[in-house]
Amino acid sequence: MNEEIQTLLEQYEFDKTRLMDILWDVQNQHDYISEEAVVAIATGLDMSGDDVRETLSFYHFFKDRPFGKHKIYLCNTVIAKMKGYYEVRAALEQETNTSFGHVDDTGTFGLGDANCIGLSDQEPAMMVDHVVFTNLTPEKVSTIIGQLKQGKSAQEIVNPGGADSKDIAYVNAIVDENIRTESKVMFKANRDYKAILLSCLDKLPEQIITTITDANLRGRGGAGFPTGLKWRLGREAEGAEKYVICNADEGEPGTFKDRVLLSHSPKDVLLGMIMAAHAIGSRNGIIYLRAEYWYLKDYLQQQIQEFRDDGLLGKQILGTNFEFDIRIQMGAGAYVCGDETALIESCEGKRGTPRVKPPYPIQQGYLGMPTSVNNVETLAIASRIIEEGSAWFTAMGTNESTGTRLLSVSGDCDKPGIYEIEWGTTLNEVLSMIGAENAKYVQISGPAGDSLSVAKDGDREFCYSDLSCNGSLMVFDHTRDILNVVRDYAEFFVEESCGICVPCRAGGVDLLDKMERVIGGRACQQDLDEVTSWSKLLKGTSRCGLGTAAPNSILATLDKFPEIYKAKLVEPHGPLLPSFDEEEVISEYELAYKHLVKEDV
Amino acid sequence: MSQETVTEIFSHELPATQWDPKKKAIEEAKIQVAMIGFCGCWGCHLSFLDMDENILGLLEKVTITRSSFTDLKRIPHHCTIGFIEGGIANDENIEVLEHYRENCDILISVGACAVWGGTPAMRNVVPLEECLREAYVDSVTAVSGAKKTIPYHEDIPKITNKVLPCHEVVKMDYFIPGCPPDGQAIYKVLDDLVNGREVDLPTEMNRYD
Amino acid sequence: MTVKITIDGQEVNARAGDNIVDVAAQNGVYIPTLCYTRGKPCLGTCRTCSVKVNGSVMAACTIPVREGMEIDVNGDEITDMRKALVELLFAEGNHNCPSCEKSGRCELQATGYEVKMMVSRFPYRFTPHPVDHASRSIWLERDRCIFCQRCVDFVRDKETNQKIFSINGRGTYARIEIDVELANKMPADQVREAAELCPVGCIIDKTQGYDVPIGKRKFEVKSIRERALGGGHR
């Protein structure tokens, strides 16, 4: 083991900032990262063992003990639960002869939960050994597990035609694209990337920045920061090196547009990165790809290689002195890494803990250098703006929210999938587009976003000053239990909190408890008042967007659907608090007597 | 505890010496305070006595009804203030606290145990069954050869899974932390209350140990 | 460069770039902190120094002052938020002051007094946290850890600069770890420093117990507020 680790570390030049890759390599080779491996890595990198474990233990998909030859993670989002999750879960436990959180006796199957894996339009879905299986049924599960037992690999099962993992056919064998609209900005076919880049490189960085600024492009990841301004700040920032990072850690439950963009227009994204690099003066780029999209890795690597072969990446790009290359950094399962500073920490081989801001990444980011972190969609759009000009772009959308955006649509509708809409489109228009006649409640921008009542918000527009959606749109019809959805979201934030700051780490748990109290019919008005007040605390004092957004769905549904909360409230009867459950608090005593005395006779 | 089958006489039912009517009238005109200790060490009660000469002035304005000092076993009539020491550790505590809430306008959690469980709550990180096993069944002082058992009888209160702060059972109005709180801190809060001032325990009087 | 800012309506001059906690202290305004300690890089973990800057809530230790900033330290709402954060910590861990060696020297306890905490508004959780006593000189009392990260960031092995303390797991499941081998190499003064650096009684020097009588302990002699404002008061 020691020798093997030594060789591995040599490959990474004993660079501790590459710890994520090192851990992945060890796990992919040995199924898990043993204590022996941790010690060898720590020794080789001159770290303490606990320091390695800090990173290892932070990420959901790194395992420090055996978790089966086949690691199975079933997506457990609310959308999955609406589409047959429970039956599939039961089937998995039955077929593998183990339960969730455990490994079967033969050490073949490990079963785990996963938060959104970017397949909300084809749930239930699960990850198995770096590929995914979609639209699951108990029968399908039985077949898959049966084949795995016979010794087939997950790749062989999901890709029976044997397509090369570098090829789009491989990706298409695994997941559906479900692009439902005609191309306006994104997914344009047959682009001449070389010619577009040549004309871009003909222009000064300042001109590129001006074009993006004139187009009024704003970040599509959610925060909506003006991309032109970010690039200008990056251009002006001083640093021996500068970096461009493409944020492909698409973790917000309900979104999957970046997956589809990376599958069907990967070179739009790469081109956007090259343009960003030209604009700010960077030589190195990173695509931070979430581990849930592992099946895109070889394919993306191939796309990068093709750009290198064609002279669009590497040294002296298209005959100029401009030099830029891109590496892929795999994540390992942490929603918080969608925060740009957490993502940068992760790229440096550390826990995905959001940094204290200021300084902002554009001043001091990756390795302390100015870093422009841009969303996949933002980069793809930027490449189109540079090609077509800002006027072309601003002709779409509204004055203040220009162009289009992709929506990832899931839930109770006839046609889930990817929709490209112009900003300014109303909620009702979207609902009729996707076939959601019976919709009651729509959650946009994921659990961190806003909760909409179709009755109250139908005429509102998608735009930065109103519904500034980050792309996730989950639809719930009249049969759904909204409180359970919100409870699920609260639990999601508890699971995904990095724990660095007090309000998010501790307060998230209290909000979840309150939701359970409401659902359990043990809450009174004071509980709702506390929910509001504690939510304000999290929103105000949390260190990053995860904590500040965690109470959003609770607050918004309290506002939009107060009646469903009110219906659950109880009036205090007598002196005991409604939340107090006497039977429950003395429940263990009888059991203890039974176990310690009665059964001992 | 099934009351129907019990035939024994409770102490509060025993005949008691009648008060001098004049004295009784004076005491009944004062602010009525009832005191109780649940799962704690009675140290907060001792701390109450530790307010030194202040107690004389205080007793001009208040009278203590049910308490371990007066040996009254029931709250005789509605009180203004209930002084609660100790956390809630069994079902009898629950019943009595409920009785206090019903019969007092203001309830004060006095001391760490009432406020958050205190030292008895150190058992809260261990499952109840393990606690009972350690204390009785596998106790080093258990009589060898004797039948292993734990306290369990219809006359014995049932132990709660965890020691609970009083405010998780009923609404509590004020809190005086400390283990025990200083006598002067207790006095300050009571003095604020009986004089109709907003309760304000100064920072330098507040303590958690 | 000097900038003008206002703290609770009072206009004060400050050196641009100094953080709000320090500037406020220089002007006699106490802002509680549990992770920040003067002279060390800001950690931004406890959020107990939250103030309103131009109307938005921010952690004061993380914000350098800029010309024209209006800072609300003692308004009702923000004062209650700071109190709530301290209360969250008391409910999250098992902070049994009467049985704690650090009582009287504990920054969390002293801050509890300053924010006037009588009880936590959040449910006390009583989560079990195993004690780690494997190191020769340090008890790690995880019940009391508040994840300030001071030890993680500021205590290093003298020889290799490796981390001695670290965090394992994430979120509500996180726990503090000690590297026993490195800890056993710590000289006595470094052990004492680490125990002193810990704002609570999580890192306990095994050679030091309840050695100061009640009434004469650190924050009884001089409160945490006085210490924070110490000297700088104009």
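**Chain contacts, domains and local packing in a predicted model**

In the predicted model described here, 31 residues of chain C are in contact with 30 residues of chain A, two residues being in contact if their C-beta atoms, placed from the backbone, lie within 7 Å. On the side of chain C that touches chain A, α2 (76-92) and β7 (165-168) of chain C each supply at least two residues; helices (H or I, at least four residues) and strands (E, at least two) are DSSP runs, numbered from the N terminus. The most is given by α2(C), with six residues. By class, this side of chain C comprises 14 nonpolar, 11 polar and six charged residues, where Ala, Val, Leu, Ile, Met, Phe, Trp, Tyr, Cys and Pro count as nonpolar, Asp, Glu, Lys and Arg as charged, and the others, Gly among them, as polar.

Residues are numbered from 1 along each chain as its sequence is written, while chains are lettered from A and ligands numbered from 1 in the order in which they are written. Because the model is predicted, local features need pLDDT of at least 70 and side-chain atom pairs count only at pLDDT 80 or more, whereas totals for chains, interfaces and linings use all residues.

Chain C is divided into domain 1 (2-74) and domain 2 (87-221), with bounds that come from an automatic or database domain assignment. The C-alpha centres of these two domains of chain C lie 26 Å apart. Nine residues of domain 1 of chain C are in contact with 13 residues of domain 2 of chain C. The side of domain 1 of chain C that touches domain 2 of chain C has five nonpolar, three polar and one charged residues.

For chain A, the assignment gives domain 1 (2-56), domain 2 (70-158), domain 3 (193-394), domain 4 (404-478) and domain 5 (481-601). Between domain 2 and domain 3 of chain A, the C-alpha centres are 33 Å apart. Their contact takes 13 residues from domain 2 of chain A and 11 residues from domain 3 of chain A. On the side of domain 2 of chain A that touches domain 3 of chain A, seven residues are nonpolar, five polar and one charged.

In helix α10 (residues 193-202) of chain A, A:Ile196, A:Leu197, A:Cys200 and A:Leu201 are buried; a residue is buried if 20 or more other C-beta atoms lie within 10 Å of its own, exposed if 12 or fewer, and partly exposed in between, with C-beta atoms placed from the backbone. Viewed down the axis of α10(A), the buried residues fall within an arc of 130 degrees, so they line one face of the helix; the arc is that of the directions from the helix axis to the C-beta atoms. These buried residues pack against α11 (205-214), α14 (266-280) and α17 (376-388) of chain A. A:Ala195, A:Ser199 and A:Asp202, on the other side of α10(A), are exposed.

In chain B, five strands form an open parallel sheet in the order β2-β1-β3-β5-β7, two strands being paired if DSSP finds at least two bridges between them. β2 (62-64) and β7 (174-176) of chain B stand at the edges, each with a single partner strand, so one side of each has no neighbour in the sheet. Strand β3 (residues 79-85) of chain B is joined to β5 (residues 104-110) of chain B by six bridges, and B:Ile81 stands opposite B:Ile106 in β5(B). Five of the seven residues of β5(B) are buried. β5(B) also pairs with β7(B) in the parallel sense over three bridges, with B:Ser109 opposite B:Phe175 in β7(B).
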